[in-house]
Amino acid sequence: MRPWLLVLAMLCPAVCAAAPAAPAQRSGSAGPCASGTIATTAAYRLALVIGPRKEMYLPSEVKARQIKSGEIMLGGEMTMVDKLPGTRIFSLDVHICTKSSGATVTGLKPRIVVSGAGAAMGSTNVPSAIMVGVGKPASDYHYGNDVALKPGGRITVTVTVKGQSAAFRATAPR
Ligand SMILES: [Cu+2]
């Protein structure tokens, strides 16, 4: 069993309690892949959200310290991002759903590359850690990491999953 699967299983009493909300998220107009910037591949619907950096916690910390906001790390590691002059560190999240039902797809290893004028150092590989928001349903499971961007800069985010690529055009927040 992969370590993060074990973590997810341990986390289930906390996260899965909110699961009854999931069936309502199957329609195309709601759910984890409905908001943000949307792109599709042959099999997947992806939603990109770039926002303020979030506090990250281990599942054990959330329970022990009664954390109410931020995100839980389910796998991977957060990047130590160098904050170059003229850049700010943002949280880059990619939600991946099936195109057919809109259900969250877990256990993927998406390759995420940020390029364009708003990228801090030209083309940047964003290691995909696995996260879920504190207090959010299990369907909030998503991939991403911290990334340094030039506020207001234009970027292209290319996500490749199982050989299928989707390109998002976006603007870094100010
Ligand atoms: Cu996240």
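I took two strands as paired if DSSP finds at least two bridges between them. Strands are DSSP runs of E with at least two residues, helices are runs of H or I with at least four, and both are numbered from the N terminus. The model is predicted, so I kept to the rule that local features need pLDDT of at least 70 and side-chain atom pairs count only at pLDDT 80 or more, while totals for chains, interfaces and linings use all residues. Residues are numbered from 1 along each chain as its sequence is written.

Entry on S3 and S4. I found strand S3 (residues 56-57) paired with strand S4 (residues 71-75) in the parallel sense over 2 bridges. Met-56 stands opposite Glu-71 in S4. On its other pairing, S4 runs antiparallel to strand S8 (residues 129-133), joined by 4 bridges; Ile-72 has Val-132 in S8 as its bridge partner.

Entry on the open sheet. I read the order of its 4 strands as S7-S6-S10-S11, with antiparallel pairing. Strands S7 (124-126) and S11 (164-171) stand at the edges with a single partner strand each, so one side of each has no neighbour in the sheet. Inside this order, S6 (residues 111-115) and S10 (residues 154-161) pair over 5 bridges, and Val-114 has Val-157 in S10 as its bridge partner.

Entry on Tyr-44. Is Tyr-44 buried or exposed? I counted it as buried because it has 21 C-beta neighbours inside 10 Å (buried is 20 or more other C-beta atoms within 10 Å, exposed 12 or fewer, partly exposed in between, with C-beta atoms placed from the backbone). Tyr-44 lies in strand S2 (residues 44-52).
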